[in-house]
Amino acid sequence: MQFGFYKDGKLLETREYDGLTSDIMLNIVENILQEFDIKSFIYTNGPGSHMATKIAYVILKTLNILRDIDFFAVSAFDLNGTKPIRALGKLYFIKEKETIITKRLEDFKQSSFFMPKSLEEITILEQNEPNYHIAAVS
């Protein structure tokens with residue numbers, strides 16, 4: 001899990017944490033709120049791990065309601081150079097123009113994510129709900 005800290009739209013610092021989002025995110029956010037005067041959060045709303053996205057959304061929505069901290073979303077593709085993102089097994093999310101599809105890829109290594117040097121490099125979405133791309137099993 002990565003966090004980037006920005007002031008006036010410019011990256012000041014990044015921090016990386018190991019562990020499952022469900023196990024570590026709440027404690028990390030609590031520590032960040034004690035250390036910084038946070039005005040807003042931006043999180044990746046997908047595609048990617050549905051569980052991590054749900055947990056991040058619930059925590060940030062709660063802070064939005066209780067502490068009036070704004071939060072926005074960004075596509076995970078904006079943070080990995082639009083490379084395939086692992087979905088499940090050998091299925092990957094692929095962005096083709098403005099459409100996201102799933103495709104089976106053999107021997108593909110997951111691309112790494114990065115924090116942009118400036119928030120001007122990404123598209124910040126006002127719509128912050130999770131963006132799921134795998135249909136329900138029927």
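Biologist: Where is proline 47 placed?
Modeller: Proline 47 sits in the loop between β3 and α2. Helices (H or I, at least four residues) and strands (E, at least two) are DSSP runs, numbered from the N terminus. This is a predicted model, in which local features need pLDDT of at least 70, side-chain atom pairs count only at pLDDT 80 or more, and totals for chains, interfaces and linings use all residues. Residues are numbered from 1 along each chain as its sequence is written, and side-chain values use heavy atoms, with hydrogens and water left out.

Biologist: What kind of peptide bond joins glycine 46 and proline 47?
Modeller: A cis one, with omega at about -5 degrees. Most peptide bonds are trans, and most residues other than glycine have a negative phi.

Biologist: Which residues does serine 75 touch?
Modeller: Not counting residues up to four places away in sequence, serine 75 touches Asn45, Gly46, Pro47 and Leu125. Contact here means heavy atoms within 4.5 Å. Serine 75 itself lies in the loop between β4 and β5 (85-88).

Biologist: Is serine 75 buried or exposed?
Modeller: Buried, because its relative accessible area is 15%. The cut-offs are under 20% relative accessible area for buried, over 50% for exposed and partly exposed in between, with a 1.4 Å probe and protein chains only.

Biologist: Back to phi. What is the phi of aspartate 68?
Modeller: Aspartate 68 has a positive phi of about 55 degrees, although it is not a glycine. Aspartate 68 is in the loop between α2 and β4, and it counts as exposed at 62% relative accessibility.

Biologist: And what about aspartate 107?
Modeller: Aspartate 107 also has a positive phi of about 55 degrees and is not a glycine. Its place is the segment after β7, and at a relative accessible area of 76% it is exposed.

Biologist: Going inside now. How many residues are in the largest nonpolar core?
Modeller: The core has 20 residues, and those with the most contacts inside it are Val29, Leu33, Phe41, Tyr43, Leu60 and Leu63. The elements giving two or more residues to this core are β1 (2-7), α1 (21-35), β3 (40-44), α2 (50-67) and β4 (70-74). A nonpolar core is a set of buried Ala, Val, Leu, Ile, Met, Phe, Trp, Tyr and Cys residues joined through side-chain atoms within 4.5 Å.

Biologist: What is leucine 60 in contact with?
Modeller: Met25, Phe41, Tyr43 and Phe71, leaving aside neighbours within four places in sequence.

Biologist: At what angle do α1 and α2 pack?
Modeller: At about 30 degrees, with their axes 10 Å apart. Therefore α1 is roughly parallel to α2. Angles under 35 degrees count as roughly parallel, over 145 as roughly antiparallel, 65 to 115 as roughly perpendicular and the rest as oblique. The axes are lines fitted to C-alpha atoms, for helices over the stretch in contact, and angles run from 0 to 180 degrees between N-to-C directions.

Biologist: Last topic, serine 111. Where does it lie, and what does it touch?
Modeller: Serine 111 lies in the segment after β7. It touches Asn80, Lys83 and Pro84, not counting residues up to four places away in sequence. The C-alpha atoms of serine 111 and proline 84 are separated by 7.2 Å, though the two are 27 residues apart along the chain. Serine 111 counts as buried, at 11% relative accessibility.
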